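User: Please take a close look at one helix pair in this model. Then set that pair in the context of the rest.

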Amino acid sequence: MATTVIETRPDVLIDFDKESQGDVRTEEMLINMGPQHPATHGVLRVVLRTDGELILESVPHIGYLHRCAEKIGENLQPYQFIPYTDRMDYLAGMNNNQAYAIAIEQLVGIEVPERALYIRMIFAELNRIASHLVAFGTYGLDMGAFTPFLYSFREREMILDLFESACGARLTYSYINVGGVHDDLPDKFLDVLLEYLDYFEPKVAEYNQLLSYNHIFVKRTANVGVISAADAVGWALTGPVLRGSGVNWDLRKSTPYEIYDRFEFDVPVGLPGGSEGVPQSVVVGDCWCRYMVRVLEMLQSCRIIRQAIKQMPDGPHLAGKLKNLKLPDDEIYVEIENPRGQLGFYVRGDGSTIPARVKARGPSFCNISILNHVGSGCLLADIPAIVGSIDIVMGEVDR
Amino acid sequence: MKTLMRYDKTILAGLLLAAMACCSASAVAQDYPDPKERPERVVEGEAVPQDAYRSEVTPVVESVLFYIFGGALLLSAVGLCICRDVVRMATCLFFTLGSAAVLYLLLGAFFLGAIQLIVYAGGTLILLVFGVMLTNKSPWVRFDCKPAEMIAAAGVAIVLFFGLATMLTTTEWAQSTGEARSTTVAQFGKALLTTYLVPFEVASVMLLVVMIAAAYMARQE
Amino acid sequence: MTQMSVPWRPRGKVRYTGLSGLIAGFARAIYGMAAPVVRAFPGSILLGAIFTVILVGWAHFLLFEFADNHLIGADSNISAVRGFLGAELTLAEIENGLAVAGAPAPGVLQYAFYPIQFRIVRDLLSAGGILGFISVIPLYTIWWERKVAGRIQSRTGPMRVGGWHGWSQSMADGIKLINKEDFVPDHADGVLFRLAPYVAFVPAILAFFALPFGTYWVFRELDVALVFILAMLGIEVLGVILAGWASNNKWSVYGAMREACQMVSYEIPMGMALLIPVMAVGTLSMTEIGNVQGDGWTSWIVFRNPFTFAAAVVYYVAALASCKRAPFDLPESESELVSGFHTEYSGFRWSLFFFGEYAAMFVVSGLCVILFLGAWHSPLPMSLADRFLGDDLLSRAAKGLFFSGPLWFVLKCVWLLYVQIWIRWTLPRIRIDQVLYACIQYMLPLMMVILLGHTLYELLVPVHGIVWTFFNIALSVIGGAVMLFLVSIACYGYLNRVKLVGWLGVETLPGS
Amino acid sequence: MAPEEVCDILKERFGAAVLDAKLDARRPYVVVDVARWHDIALFLRDDERLQFNMLECLSALDLLEDNKLAAVYDMFSVPVVIASASTVVGGSGCKSTPLLRHHMAVRVEVDRDKPRIPTVSDVWPAADWHEREAFDMMGIVFDNHPDMTRILCPDDWEGYPLRKDYEFPLEYHGIPATTEHTLTNPKH
């Protein structure tokens, strides 16, 4: 059994070395943080080998929500498969549709009209805010604070109303389709959106006051589940988890797809303790950094949406007919910046209208794989903290 | 047994009420303060002895309570030895200590009864259960002793029984003269720090040594 | 479609007989009759109920006092035990005593007064009062907690059950819980599993027997009341440990282990913090401590000197930890241990745990009020009352209402309950090693310093000297300022709640 | 760093091991020989000109017509630049410093009856779960992989679902997997 030397824990457990036990040795227990558990968001099962409160090994078992979406992808035309992409990461339906739509468009070579690009971009950013709100709320729940959850869902409710006015659905939209957007924006949509942004932005400052800089919350998350930058890149972590470890890598900035290069925004990155706006005990790559990156990303998304509303052109919202697109005998791999990380679609056509192979690379699939490396050596109460900060959605882990 | 288990709630609710009635009845020995004159504050000098303690309850009720809780004490002590499951043993120990505390209350020694509950039922027992949970003897282990041990234990028990019986019968106990038996807490405090100061300090030093030894033993090298 | 075979044994429809069936039927009958009346004017019913409870309690006390003064007479020698049940007075004596006192129909009233003289009758009456109060307290604390939590989270909490603001929500929950099937998991230790809720529930109830609500409003005035209540709070731990242990579930074992660590470690600072007022007043009996803080809010022990002020704060934090509330609610922390020690419980047994917890919450805040916050006295000094009000019935009622009476004690306890609820719904939870770390590294040394400081302060500083009055006045002013500030925040919050909660939220709140 | 240059570097380093290079396709990729794949992977990660430190995705392919199974590795070179303490979280200070931001795809083909590929989970830890999923779905066995078991399907599931010639099981432990309708007229 690998010696679990706990080098990053400064507090009371520093010299608790496993090898030389006193005669009072607590008995090791194998515990199932089973598929049904309030701390695992969705049906993730973590088998913990614990010694008292200390975790020796935390092996995640997945596959409880496996719906073989990829096998179905090999039987459906692209425009029929879009609703399946919604159900993968059910908290960020728009971004999933966008990823698959871009993959098919680049494979077939469809040119998407300007207005559709802007609408897609606005809805993708709105969905990012909604998804980060859920992450912020449920992370408060994991730490035991019930109130932030209610506040975040109040704000998210308004975003869902906006989505409902545009595409009729609240969670599984199938709004972004191959070649553009399903139908045009309802009238007065943009000014209601502006009114919402003005209402929402001061609320984020309120969240920071309520939870982010709360002393107990900082003590529970600072210096817990630290992931170094090298590990983060080695385990192919992406999104806020990677940026929380200090690596400045955001697809919207580094390899801008669609029209992201026309907007001016920042990429928040995890910073060590003591820098401006970061509590003293925070280490780069711990739970607090990952959480704070998400909160700041919400503000950046508002900034992008405001610029997009100003530059919104007129024109058609769809590039043309969606049915029977002939897929060339070639393969394509496209990645976009999903709220949880880089969602990639590998599509291989074989000349017919149905793709030969569709492979979805879910960001949560890679992000959760590091749980064992990070989880062993911490305490039982830290597991929900780490899983919550990685913010996984089981739909896209199991596909 | 099945039906008994099904009506467990009603039975235990009855037990609950009985326990409350006994507690209030047993604590009845304290005289109901006469509302007119208040016991004035304890002056610096010698504490004014409160009016004589007398049992409001007729002796019949008091002896019934005594037998109930004395019986409970004996039964749970026997249960303590018989049970195999560690946690059931701890519960029997709890009932033993609890009924001992109630007996003190019956005798009017309220401070002692409360301290017994705090120190034993609240403190030592919890540490004992805590110790069981943390030692590597997994709590689901069962103590099943071999026949040889049984015989030895029986022998020791018989010897002890006769020793106690003779001691009980031969000594002549001081008859309770029924005069003021209830002492206020202030008198306790004064007695502890004046007449019994040395044993009090020795006990505290001994406890300190025990605590340091325990900390040393559990420390990881 | 082939019907899948269900692996577990299908049980027949569970029919409720016995106690729960009876209760459910009874409750449905009452609700049928009472619903229209309650729906009509709920607010006045609630206020009326509070006052009738106070008046009924007071009437009992007056009855006992009348019986003692007029019937038995001051000089009767107590040890003369006569009559069949050890009664001091025969019927004839009662009749002429009533006639002397000018009671209306002595012939009839004598039979009413005969049982009053027995101690056991008086005990049963007050025990009934205490049990009634105890069963009401958790009910309304749960309802109130859900309303306060709702307001903190910008929603409204229960609004429908029983009309006005869902006042009978917890009663409905109680009936539901009684009807719910509470099973025992297999391989669980049946006897201990059923015993645990009672070991956790009974001590919290017994603590009420020694808790004084007013100078005369106490079931049994023990001169070791404080130690007795501490003992009762200590025993509750065992109930929780048994529950965690007997339910054959690894998570509850974790809950039981955490509970053992936390309770044992937090009883020490709590006990030491309680020593401070005992040292200040010199007795363990809480009625005595309460009476000492009689004249005005500057005489409250919390404002006596800086050490008692700090001790009050440390006591309150340790009390939060000892009744598993707010940031310390690790044993039943939902996110990690599913729900800690009472995961496997449901129905009546689960509600017993919750009754025990809320009763313990009230006892703990009651202790804080009596020992530190001027028990049943209002901020106005009693000397003011004596100057204006005489001794007749009406003035005694006024004295009870405005100057010192059980209403003030309950009001202060409710305020401390509100603080507990407020803390619970804003702060996240602490990890177990931080809880123990805080207790051993911060609370214990701090408490020792306070204890030492207080003893030196009491010995060296002359009572009512310059230093003494300076600290007293300074702390009282601070206390008053804090109280006024909180009240002003509450008013500000209520007056413009539309602006604070935000335009989208408020329109949809019914009755806001 | 365009794909052509990467392909030249590989050819010059490994010569015959690089079987084919499809550089004009929409997403250019290089086909590599199975035997040398592990050293190529090490070279791709450690060579300072390439520095492919993040393995994005491993897609398992079923080329039924020429009786082959393939594994396509997409990898990225991410500049591991730690934002210095002075830059403000969210401030304009944390711009990304483009070091070598390029992308490469490598395909490893192996025939169907003996699908064995050397594991790269020691080169990129991310490959661990991707390889287990490829094994679970397509049946490609990765040699000396630390824990070669199924990751999505139950451990006792027979067959590899994503293969083209996979026929659906009718029931699993007594639980029917299809309805009578599909029993009577199976689709494929």
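Analyst: A crossing is called left-handed if the near helix is turned anticlockwise from the far one by less than a right angle, and right-handed if clockwise. By that rule, helix 3 of chain B and helix 4 of chain B make a left-handed crossing. The model is predicted: local features need pLDDT of at least 70, side-chain atom pairs count only at pLDDT 80 or more, and totals for chains, interfaces and linings use all residues. Residues are numbered from 1 along each chain as its sequence is written, and chains are lettered from A and ligands numbered from 1 in the order in which they are written.

Helices (H or I, at least four residues) and strands (E, at least two) are DSSP runs, numbered from the N terminus. Helix 3 of chain B covers residues 59-82 and helix 4 of chain B covers residues 86-106. Their axes come within 8 Å and cross at roughly 155 degrees; axes are lines fitted to C-alpha atoms, for helices over the stretch in contact, and angles run from 0 to 180 degrees between N-to-C directions. Angles under 35 degrees count as roughly parallel, over 145 as roughly antiparallel, 65 to 115 as roughly perpendicular and the rest as oblique. Helix 3 of chain B and helix 4 of chain B are therefore roughly antiparallel to each other.

Residues in contact have C-beta atoms, placed from the backbone, within 7 Å. On helix 3 of chain B, the contact includes B:Glu62, B:Phe66, B:Phe69, B:Leu73 and B:Leu80. On helix 4 of chain B, B:Met89, B:Cys92, B:Phe95, B:Val102 and B:Leu106 are among the residues that take part. By class, the contact has 15 nonpolar, five polar and one charged residues. Here Ala, Val, Leu, Ile, Met, Phe, Trp, Tyr, Cys and Pro count as nonpolar, Asp, Glu, Lys and Arg as charged, and the others, Gly among them, as polar.

The pair belongs to a chain with eight helices and zero strands. Buried residues (20 or more other C-beta atoms within 10 Å of their own; exposed is 12 or fewer, partly exposed in between; C-beta atoms are placed from the backbone) make up 17% of the 221 residues in chain B. Among contacts in chain B between residues at least 6 apart in sequence, 63% join residues at least 24 apart.

Chain D has four helices and nine strands, in the order α-β-β-α-β-β-β-β-α-β-β-β-α. In chain D, 35% of the 188 residues are buried, and 51% of contacts between residues at least 6 apart in sequence join residues at least 24 apart. Where chain A and chain D meet, the contact takes 50 residues from chain A and 37 residues from chain D. The chain A side divides into 25 nonpolar, twelve polar and 13 charged residues.

Another helix crossing lies in chain C, between helix 13 (residues 348-372) and helix 16 (residues 406-424). Their axes come within 9 Å and cross at roughly 120 degrees, and the crossing is right-handed. C:Met361, C:Phe362 and C:Val369 are among the residues of helix 13 of chain C in this contact, and helix 16 of chain C contributes residues including C:Phe409, C:Lys412 and C:Leu416. The contact divides into eight nonpolar, three polar and one charged residues.

Conventions
Two residues are in contact if their C-beta atoms, placed from the backbone, lie within 7 Å.
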